[in-house]
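Hello,

Here is the structure I promised to pass on to you. Have a look at it first, and then read my notes below.

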Amino acid sequence: MSNKIETIVIGTSLSPESDAVVWAGLRLARAAAARVVLVHAHSYQAVYGGAPFVPEVALGEVLEAESLAVRRLLTVQADRLGLRAEELAGMIVEPGPAHSLIMDVASRKNADLIVVGATESPRLSKLFGSTADRVVRKASCPVLVVRQNLTVPPHRVLLPVDLSFLSGEAVREGLRIVAEMSRDLGQTTTLPEMEALYVITDLDRRLFAPADAPEKAEVHIREEAGRFLRRYAADSPLKIVPRIATGYVEDEVLGRVNEWQPDLVVIGTHGRSGFERFLLGSVASQVIRDGGVNVLVVPPAVARRQAAAEAAVHEEVMVG
């Protein structure tokens with residue numbers, strides 16, 4: 001991946017609901033001067049189920065005809081949303097599971113970002129995860145999960161953090177992407193409001209404060225949050241305000257989403273480990289499922305690449 005967003009892979013079901021997903025990816029691509037790859041996976045099970053006695057020689061022709069028909073629908077969707085030829089880096093239609101095809105195309109195209117819908121039908125709300133959840137869990141690049149119309153640039157961005165290394169790198173990557181979405185800001189538009197949310201749990205109070213003075217845990221964590229943001233956000237033109245809450249992590253994050261109504265939540269999939277600690281992966285899934293908000297998910301692979309690149313630059317400076 002480059003430091004700039006150049007290629008965005010967008011998964012579409014071709015349903016009317018998927019227009020919002022494609023439109024979100026297209027708006028982001030235009031803001032970042034990137035190109036998009038539209039991906040649709042169609043099911044060949046219908047072919048087998050509907051024509052079980054099709055000769056093997058003819059089956060390939062049937063699949064090819066189905067792919068051509070679906071490609072026409074994809075072209076119609078692209079035209080309907082005003083996607084210009086110069087903005088398009090590819091239109092890929094293949095049979096198979098949607099999440100597998102999206103991941104494969106993202107790898108082939110060296111994508112900087114994947115855009116998928118959380119769920120495109122109310123009837124599927126209880127089955128979240130058929131595509132988006134699997135992509136989020138296995139992606140090696142950031143994934144934007146679209147739940148509502150995406151404001152580009154966003155007005156408010158919430159970043160749940162746990163002060164760990166992986167959480168810090170997720171913040172750094174999220175800031176980079178939001179900056180790409182906001183690259184023309186600073187001249188005619190107000191910069192996005194950015195808030196880093198840390199939730200103090202009972203375990204934090206035991207870890208960071210003596211038993212006779214549990215109130216000192218909040219003082220210590222506020223200091224740690226300040227150091228965290230100075231390390232991971234100091235180089236960004238976007239400014240983040242720290243916010244400390246107390247309680248159960250999932251409840252506090254969802255509560256802040258409902259109260260503040262951010263346009264985007266940026267979160268990592270892995271952070272500190274431990275039974276009672278901030279398990280960012282589970283929080284990310286719950287925010288996607290229950291938050292009703294767009295979520296930018298940064299996987300740990302991105303964080304590790306960022307750290308390696310930073311170390312390489314540091315070593316080069318030291319050697320020079």
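Let's start with Ala 234, which is partly exposed because its relative accessible area is 48%. (Buried means under 20% relative accessible area, exposed means over 50%, and partly exposed is in between, with a 1.4 Å probe and protein chains only.) Ala 234 sits in the loop between helix 8 and strand 8 (240-246). Helices (H or I, at least four residues) and strands (E, at least two) are DSSP runs, numbered from the N terminus. From C-alpha to C-alpha, Ala 234 is 9.4 Å from Arg 172 in space, although the two are 62 residues apart in sequence.

Before going further, please keep in mind that this is a predicted model, in which local features need pLDDT of at least 70, side-chain atom pairs count only at pLDDT 80 or more, and totals for chains, interfaces and linings use all residues. Residues are numbered from 1 along each chain as its sequence is written, and side-chain values use heavy atoms, with hydrogens and water left out.

Asp 235 is found in that loop between helix 8 and strand 8 too. Is Asp 235 buried or exposed? Asp 235 counts as exposed, because its relative accessibility is 80%.

Now the whole chain. It has 11 helices and 10 strands. Of its 320 residues, 49% are buried. Contact means heavy atoms within 4.5 Å. Among the contacts with a separation of 6 or more, 79% are between residues 24 or more positions apart.

Next comes helix 6, which covers residues 165-181. This helix has 17 residues and reaches 24 Å from its first C-alpha to its last, close to the 24 Å expected at 1.5 Å a residue. (The expected span is 1.5 Å times one less than the number of residues.) Helix 6 is largely enclosed by the rest of the structure, because 14 of its 17 residues are buried. The C-alpha atoms of Ala 170 and Pro 160 are 10.0 Å apart, with 10 residues separating them along the chain.

How do helix 6 and helix 8 pack? Two packed helices are described by the angle between their axes and the distance between the axes. Helix 6 and helix 8 (residues 216-233) pack at about 50°, with axes 9 Å apart. (Axes are lines fitted to C-alpha atoms, for helices over the stretch in contact, and angles run from 0 to 180 degrees between N-to-C directions.) The two helices are therefore oblique to each other; angles under 35 degrees count as roughly parallel, over 145 as roughly antiparallel, 65 to 115 as roughly perpendicular and the rest as oblique. On the helix 6 side, the residues that meet helix 8 include Phe 165, Glu 169 and Arg 172, and on the helix 8 side they include Phe 228 and Tyr 232. The residues of this contact divide into 6 nonpolar, 2 polar and 3 charged. (Ala, Val, Leu, Ile, Met, Phe, Trp, Tyr, Cys and Pro count as nonpolar, Asp, Glu, Lys and Arg as charged, and the others, Gly among them, as polar.)

Elsewhere in helix 8 you will find Glu 218, which counts as partly exposed because its relative accessibility is 29%. Leaving out residues up to four places away in sequence, Glu 218 touches Ile 200 and Ile 244. Glu 218 and Ile 244 are 8.0 Å apart, C-alpha to C-alpha, and 26 residues apart in sequence.

Last, some backbone details. The peptide bond from Val 152 to Pro 153 is cis, with omega near -5°, and Pro 153 lies in the loop between strand 5 (143-146) and strand 6 (156-160). Leu 14 is not a glycine, yet its phi is positive, at about 70°. You can find Leu 14 in the loop between strand 1 (7-11) and helix 1 (18-32). Leu 163, also not a glycine, has a positive phi near 70° and belongs to the loop between strand 6 and helix 6.

Enjoy exploring!
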